[in-house]
Amino acid sequence: MYEHKKQPLASPKTFYRRVGKNLLFSMLIMALCLIIGTVGFKITVSPNPRWIDCFHNASMLLSGMGPVLTEIDNTTGKLFSSFYALFSGIAFITNIGIILAPIAHRFFHKLHLSEN
């Protein structure tokens, strides 16, 4: 069986730095997804909605609350809204995983160290 050297548990400073980096990375991903949604709604929805309405709709879909713009009357806008909703669900779940990864890693590392 493969034997490996057990690493000590990371210091609290290192752990908090990892959590902070993952939070920052997650926020950057969410900001990019929000920009995609806002611009996509602005381009595809007619009649021409205001930027704040596009931002609001993208934010609501990205957070899982559901769409706000109900007057989407063209096929392109409806298709974008549908695919963006699916994309948003995956992006949201992925970001939760990114945020929780260092916490789960520390938990399992601590559990593994306490086995001995």
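I began with the surface and found a nonpolar patch of about 450 Å² made by F92, I93, I96, L100 and I103. Patches here are made of residues with over 30% relative accessible area and no salt bridge, with nonpolar side chains (Val, Leu, Ile, Met, Phe, Trp, Tyr) joined within 5 Å and like charges within 9 Å. A salt bridge is a side-chain nitrogen of Lys or Arg within 4 Å of a carboxyl oxygen of Asp or Glu, and accessible areas come from the Shrake-Rupley method with a 1.4 Å probe.

I noted that this is a predicted model, in which local features need pLDDT of at least 70, side-chain atom pairs count only at pLDDT 80 or more, and totals for chains, interfaces and linings use all residues. Residues are numbered from 1 along each chain as its sequence is written, and side-chain values use heavy atoms, with hydrogens and water left out.

Partly exposed is the range between buried (under 20%) and exposed (over 50%). I96 and L23 are 73 residues apart in sequence, and their C-alpha atoms are 9.6 Å apart in space.

Next I turned to charge, where K13, R17, R18 and K21 gather in a positive patch on the surface. R17 sits in helix α1 (residues 12-44), and its relative accessible area of 46% makes R17 partly exposed.

Last, I checked pLDDT, the predictor's confidence in each residue from 0 to 100: the protein's mean is 89, and 95% of its residues reach 70 or more.

Definitions and conventions
Lys, Arg positive; Asp, Glu negative; His and termini not counted. Charge placed at Lys NZ, Arg CZ, Asp CG, Glu CD. Helix = DSSP H or I, 4+ residues; strand = E, 2+ residues; numbered from the N terminus. Buried < 20%, exposed > 50% of the residue type's maximum accessible area, 1.4 Å probe, protein only.
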